[in-house]
Amino acid sequence: MIKTYQGTVYPWNCDHMNHMNVQFYVGKFDQATWNLFSLLGLTSSYMKESNTGLVALEQNLKYLKECIAGDNLFIESEIQEIKGKIVRFKHIMSNLESKSVVAESELVGLHIDTVLRKGIAVPDFIAKKWKEL
């Protein structure tokens with residue numbers, strides 16, 4: 001797995017039960033996703049120049065432990081499969097101090113032509129980079 005995110009839980013990330021609200025788990029996983037894609041060559045500039053992008057088709061989350069203000073977190077990620085138009089990947093969020101896993105996210109993404117708004121094959125250079133990583 002590759003480290004794709006590190007950050008802190010701030011008080012404004014917490015809800016009335018004093019733990020990190022679900023929207024901030026998703027936000028941190030989203031940041032890890034874009035870092036992972038960038039490592040594969042799916043950078044913002046590449047997508048703009050090639051009129052391509054990725055959209056989420058499915059996301060499954062597991063909340064395993066509470067995160068509270070002041071916790072430092074990191075996310076490690078891996079591509080599980082690239083097949084045709086589809087990219088499957090997983091993130092594991094852990095507490096930096098205790099190293100305990102606090103949440104997991106598995107996603108399925110679709111590589112698209114942003115002009116036609118339809119799925120297209122993932123370029124070969126992405127699959128090659130995945131194998132290198």
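**A tour from helix H1**

Start at Gly41, the residue that follows helix H1. Its phi is positive, near 100 degrees. Keep in mind that this is a predicted model.

Now select H1 itself, residues 22–40. How far apart are its end C-alpha atoms? They are 27 Å apart.

Next, colour the buried residues of H1. They are Phe24, Tyr25, Lys28, Phe29, Ala32, Thr33, Leu36, Phe37 and Leu40. An α-helix has 3.6 residues a turn, so residues three or four places apart point the same way.

What covers these buried residues? The cover includes strands E1 (2–8), E2 (52–63), E3 (72–83), E4 (86–95) and E5 (101–113). Show helix H3 (124–132) too, as it is also part of the cover.

Move to the largest pocket. About 180 Å³ of space lies there. Its lining has 14 residues, and the closest to the centre are Asp30, Thr33, Ala56, Phe89 and Leu107. H1 gives the largest share of the lining, 6 residues. H1, E2 and E5 each supply at least two. By type, the lining divides into 10 nonpolar, 3 polar and 1 charged.

Last stop: select Cys14 and Cys67. How many disulfides are there? The count is 0. The sulfur of Cys14 is 8.7 Å from the closest cysteine sulfur, in Cys67, so the two are too far apart for a bond. A disulfide needs the sulfur atoms within 2.5 Å. Are these cysteines buried or exposed? Cys14 counts as buried, at 18% relative accessibility. Cys67 counts as buried at 0%.

Technical notes: Residues are numbered from 1 along each chain as its sequence is written. This is a predicted model: local features need pLDDT of at least 70, side-chain atom pairs count only at pLDDT 80 or more; totals for chains, interfaces and linings use all residues. Side-chain values use heavy atoms; hydrogens and water are left out. Helices (H or I, at least four residues) and strands (E, at least two) are DSSP runs, numbered from the N terminus. The expected span of a helix is 1.5 Å times one less than its number of residues. Buried means under 20% relative accessible area, exposed over 50%, partly exposed in between (1.4 Å probe, protein chains only). Contact means heavy atoms within 4.5 Å. On a 1 Å grid over the protein atoms alone, a cavity is a set of points where a 1.4 Å probe fits but cannot get out, and a pocket is an open set with protein on both sides within 12 Å along at least five of seven lines; lining residues have an atom within 4 Å of a point. Grid points are joined across faces, edges and corners, and a volume is the space filled by probe spheres set on the points. Ala, Val, Leu, Ile, Met, Phe, Trp, Tyr, Cys and Pro count as nonpolar, Asp, Glu, Lys and Arg as charged, and the others, Gly among them, as polar.
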